[in-house]
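This report goes through a single protein model, from its overall fold to individual residues. Please keep the sequence and the structure at hand while reading.

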Amino acid sequence: MAYNLFILLIAAERLVELVVSRRNARWSFAHGGKEFGRSHYPAMVSMHALLLVSCIVEVATQHRPFLPWLGWPMVALVAASTAMRWWCVATLGKHWNPRLIVIPNAELVQKGPYRLLHHPNYTAVAVEVAALPLVHSAWWTAVVFSLANAAILRIRITSENRALGYA
């Protein structure tokens, strides 16, 4: 099934992100980086992994159809959100990480997508979490994981703002 291959492609992209993340974490720690919000990170990773599994399971067990009028626009949103996330990665360079690692006295990045949005990576993730299941009309997965993502992002953004001295 093409949808399963699409989900596997997204999973492979996530594995690439983890490789980049580990490399960047080593660099950040070597430059005095301190990690914040470590307690919510496993929940965030688990939620994203379960999202991919749930997409496949709901489509298979609930016999969700591919609806072209919905599926193709959702594919476009997934592609756009992935491009936005990689724009964030490119803009932040070695400072990018899904872990919350702050290097003391590092300048706050205000270029690229960060000149347009305060949290462009999280915006892209929220779009992807909603759109990815809807590519194949997995309604329940879209709703449940969008709510879970909102809860995790609330914790994450609060932690990030506190770590950066905004709160």
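Along the sequence, the protein follows the pattern α-β-α-α-β-α-α, which amounts to five helices and two strands. Helices (H or I, at least four residues) and strands (E, at least two) are DSSP runs, numbered from the N terminus. The model is predicted: local features need pLDDT of at least 70, side-chain atom pairs count only at pLDDT 80 or more, and totals for chains, interfaces and linings use all residues. Residues are numbered from 1 along each chain as its sequence is written, and side-chain values use heavy atoms, with hydrogens and water left out.

## Overall dimensions

Taken along the principal axes, the C-alpha atoms fill a box of roughly 50 × 30 × 25 Å.

The protein exposes about 9300 Å², of which carbon and sulfur atoms supply 69%; accessible areas come from the Shrake-Rupley method with a 1.4 Å probe, and for residues only the protein chains shown count as cover. Of the 167 residues, 43% count as buried. Buried means under 20% relative accessible area, exposed over 50%, and partly exposed in between (1.4 Å probe, protein chains only). Among contacts (heavy atoms within 4.5 Å) with a separation of 6 or more, 85% join residues 24 or more positions apart.

## Nonpolar cores

In soluble globular proteins, nonpolar side chains tend to be buried together. A nonpolar core is here a set of buried Ala, Val, Leu, Ile, Met, Phe, Trp, Tyr and Cys residues joined through side-chain atoms within 4.5 Å. The largest such core has 24 residues, and those with the most contacts inside it are Tyr3, Val78 and Leu132. Two or more residues come from each of α1 (2-30), α2, α3, α4 and α5 (139-163), with α2 giving the most, seven residues. Tyrosine 3 is in contact with Cys55, Val59, Leu132, Pro133, Val135 and His136, leaving aside its neighbours within four places in sequence. Apart from this core lies another, of six residues, including Cys88, Val89, Leu92 and Trp96.

Cysteine 55 is buried at 0% relative accessibility, and cysteine 88 is likewise buried at 0%. A disulfide is a covalent bond between the sulfur atoms of two cysteines. Taking one as a pair of cysteine sulfur atoms within 2.5 Å, the count comes to zero.

## Helix α4

How far apart are the end C-alpha atoms of α4? They are 21 Å apart, which agrees with the 21 Å that its 15 residues should span at 1.5 Å a residue; the expected span is 1.5 Å times one less than the number of residues.

Eleven of the 15 residues of α4 are buried, so this helix is largely enclosed by the rest of the structure. The buried residues include Pro120, Tyr122, Glu128 and Leu132. Their cover includes α1, α2, α3 and α5.

Leucine 134 also lies in α4. Contacts of leucine 134, not counting residues up to four places away in sequence, are with Leu70, Gly71, Met74, Trp139 and Ala142. Leucine 134 and methionine 74 are 60 residues apart in sequence and 6.3 Å apart in space, C-alpha to C-alpha.

## Selected residues

| Residue | Relative accessible area | State |
|---|---|---|
| Threonine 82 | 17% | buried |
| Leucine 134 | 15% | buried |
| Histidine 63 | 65% | exposed |
| Asparagine 105 | 83% | exposed |

Threonine 82 is found in helix α3 (residues 68-92). Not counting residues up to four places away in sequence, threonine 82 touches Glu13 and Glu128.

Histidine 63 sits in the loop between α2 (41-62) and α3. Although histidine 63 is not a glycine, it has a positive phi of about 55°. Asparagine 105 belongs to the loop between β2 (100-102) and α4 (120-134). Asparagine 105 is not a glycine either, and has a positive phi of about 65°.
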